[in-house]
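Work through the exercises below with the sequence and the 3D structure open. Try each task before reading its solution.

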Amino acid sequence: MTVNELKHTGLKKWIEEACTLMSPDTVEVCNGTQEEYDRMIQITVDTGLATPLNPWLLPGCVLFRSDPSDVARVEARTYIASQSQQDAGPTNNWVDPDTLKKTMSELYRGSMKGRTMYVIPFSMGPIGSNIAKIGVQITDSPYVVANMHIMARVGTKVLDVLGADGFYIPCFHSVGKPLGPGEQDNGKWPCAPIEKKYISHFPETREIWSYGSGYGGNALLGKKCLALRIATVLARDEGWLAEHMLILKITNPKGEVKYITGAFPSACGKTNLAMLVPTLSGWKVETVGDDIAWMKPGPDGRLYAINPEAGFFGVAPGTNMDSNRNAMETIRRNTIFTNVALTEEKTVWWEMIGYDAPGKLIDWTGKEWIQDKNNKEQKPAAHPNSRFTGPAKQCPAIAKEWEDPAGVPISAFLFGGRRPKTIPLVNQAKSWIHGVFMGSIVGSEVTAAALDVKAGTIRRDPFAMLPFCGYHMGDYFKHWLNIGKQNTEKLPKIFFVNWFRKNAAGKFIWPGYGDNSRVLAWIFDRCDGNGKFVDTPIGILPTPDAIERPAGVSETDMAEILSVDIEGWKAEIADVRKNHYPKFGDKLPQELDDELDAIEKRLNA
Ligand code: GTP
Ligand code: SPV
Ligand code: MN
């Protein structure tokens, strides 16, 4: 389709202006067909950016290697450009929107020379659902077009819903690497240097401008930019929740069903939990979403969640047939791999895939790599944030209601992070406010999902939303408290979980993955007021025998991960009081300050 054929005059005008600014050689409006997807992949193969994988073993799959400056989100280059700096709050980078638009317009000027401008109409959420939102992304990256085909609903069917004057969120994206006459990418991943990358959000005008990165959440603008940063602002204004949460369906041996969402920071186990294969017999877990949940109160007063995405952009390392069989099955075909290692058979390999590297590999930087298990210094063959992009509908565990436009009613919220000490395996909040307090103090060891944050250190990541909240985090806490003022009995119960406790030898005490079903079973029962528990100063904990112990976890281990570490908690609370809560100034809701006092009092009693 050409731009002239577009019915939406506002959209047409916006594209024409973008064309004038960015000077692409040609413009193409994406229709979302298989032919289009195949053509995008072919273009990237022809320009040396993609390697087709073995058609017998991984049909329809390709591998990309990006640039070392472009392997993850860049938080220091991510901006919330609200009119006032106060609205972006202490946890976001802020630049005055007019200044930022000026700077970025200069970068966009001519940035698509020698390339095609693709216009991608996309829907986050099932097309036509009243929870769904429409965006239109302009991009010069066929890699992005192909990924968007998997991650969102794209093409003509979205334009049909948009009509002649529908609302859409305009999203600019350019990799920031114009081509000279006759020049081609020639195998070199196009992007701009870090200091020229910008991932910008204009919350008041609901716009997204991204420049200089072709990777993941920086470039697939429906995901973190629209479905979280812009959506949090819409959700605040319209009374709903846009969260960095997986959504799972769990069925107990009696056939009773509940839906649970969980917010864990990036690379802390959402995809794995969403696709878990229970080790508890008779229980079943199915997937509704693995990264983002949009939740609105339904007519019955319960909160209903939809997964706005259509695919999984999942962490490859650590994914194997034991840890996540469902993900492994999902990515057998029609999958885009980015920054994993290539085998001689033209298949993929990554650290902890479940078997040794078969022979000579090409690592994520494009160099030959031979596994040397005696060399503890050997660099990984796959980048720690290497990812797969796979269609959700290919997941064997996908729940039948995953595309239900009405969403699924949520019974429990989980919060968690990577905490080697102090935080117990599971802890139920005593009240909604206590739960919001727990969400507000989430801390986690930093992972490789962001390029510019030092991995391994613990940082506070409230609600797992630190890099994803489009407004002042103090107001966001308030918004959560307000949600709790509606329909008190029908609210989900709130739990804090931690799969990452370590022993003195630095080994995980809890085996995690499928064994997390044991914790989910207790949570399921607690939602109905069942399950054995003790009321403690930090919250409601299972009794030591309430959760069936998995193989390899001794009684002492279990007692340790279910104990209340009074001294550790005192230090935790002191840290929140000194280093975390003061950041929010007078935007910190009084209720949370009171909750801090209350828990401190209980710990000292
Ligand atoms: P994003 O896509 O970045 O938002 O990540 P995510 O939260 O979906 O994390 P994911 O499920 O991809 O897991 C990230 C890493 O944590 C992988 O290497 C997993 O193998 C590992 N992991 C996931 N669940 C567990 C668990 O229960 N225990 C342990 N020890 N590791 C886990
Ligand atoms: C995350 O970092 O939380 C992700 C990957 O899910 S990205 O889409 O790159 O943000
Ligand atoms: Mn994520």
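**Exercise 1.** Find which domains each give at least three residues to the shell around ligand 1.

Solution. In this predicted model, the shell around ligand 1 takes at least three residues from domain 2 (48–64 + 312–392) and at least three from domain 3 (243–307 + 402–604). Next, look at the secondary structure: helix 9 (270–274) and strand 17 (311–315) each supply at least two residues of this shell. Helix 9 gives the most, with three residues.

**Exercise 2.** Describe the residues around ligand 1 by number and by class.

Solution. Start with the number: there are 22 residues around ligand 1. Those that come nearest are Ala267, Lys270, Asn272, Arg387 and Tyr513. Then sort the shell by class, which gives ten nonpolar, eight polar and four charged residues.

**Exercise 3.** Identify polar contacts of ligand 1, and state how much of the ligand the protein buries.

Solution. A polar contact requires N or O atoms within 3.5 Å. Take the backbone first: an N or O atom of the Ala267 backbone is 2.8 Å from an oxygen atom of ligand 1. Now take the side chains. Asn272 has a side-chain N or O atom 2.8 Å from an oxygen atom of ligand 1, and a polar side-chain atom of Arg387 lies 2.7 Å from a ligand oxygen. Finally, consider the area: ligand 1 alone exposes 660 Å², of which the protein buries 94%. The space that ligand 1 takes is the largest pocket.

**Exercise 4.** List the residues that surround ligand 2 and sort them by class.

Solution. The surrounding residues are Arg73, Gly216, Gly217, Lys223, Lys224, His244, Ser266, Asp291, Phe313, Arg387, Ala449 and Phe468. Sorting them gives three nonpolar, four polar and five charged residues.

**Exercise 5.** Identify polar contacts of ligand 2, and state how much of its accessible area the protein covers.

Solution. Begin again with the backbone: a polar backbone atom of Gly217 is 2.9 Å from an oxygen atom of ligand 2. For the side chains, a polar atom of Lys224 lies 2.5 Å from a ligand oxygen, and an N or O atom of the Ser266 side chain is 2.5 Å from an oxygen atom of ligand 2. On its own, ligand 2 has 290 Å² of accessible area, and the protein covers 98% of it.

**Exercise 6.** Explain why ligand 2 lies between domain 1 and domain 3.

Solution. Helix 7 (216–219) and helix 8 (222–238) are the elements that give two or more residues to its shell. Last, compare the domains. Ligand 2 lies between domain 1 (3–30 + 78–238) and domain 3 (243–307 + 402–604) because both give residues to the shell around it.

Note on methods:
Residues are numbered from 1 along each chain as its sequence is written. Chains are lettered from A and ligands numbered from 1 in the order in which they are written. This is a predicted model: local features need pLDDT of at least 70, side-chain atom pairs count only at pLDDT 80 or more; totals for chains, interfaces and linings use all residues. Side-chain values use heavy atoms; hydrogens and water are left out. A residue is near a molecule or strand if one of its heavy atoms lies within 4 Å of it. A polar contact is a pair of N or O atoms within 3.5 Å; within protein, one must be able to donate a hydrogen and the other to accept it, and residues adjacent in sequence count only if both atoms are side-chain atoms. Accessible areas come from the Shrake-Rupley method with a 1.4 Å probe; for residues, only the protein chains shown count as cover. Helices (H or I, at least four residues) and strands (E, at least two) are DSSP runs, numbered from the N terminus. Ala, Val, Leu, Ile, Met, Phe, Trp, Tyr, Cys and Pro count as nonpolar, Asp, Glu, Lys and Arg as charged, and the others, Gly among them, as polar. Domain bounds come from an automatic or database domain assignment. On a 1 Å grid over the protein atoms alone, a cavity is a set of points where a 1.4 Å probe fits but cannot get out, and a pocket is an open set with protein on both sides within 12 Å along at least five of seven lines; lining residues have an atom within 4 Å of a point. A molecule sits in a cavity or pocket if more than half of its atoms lie within 2 Å of its grid points.
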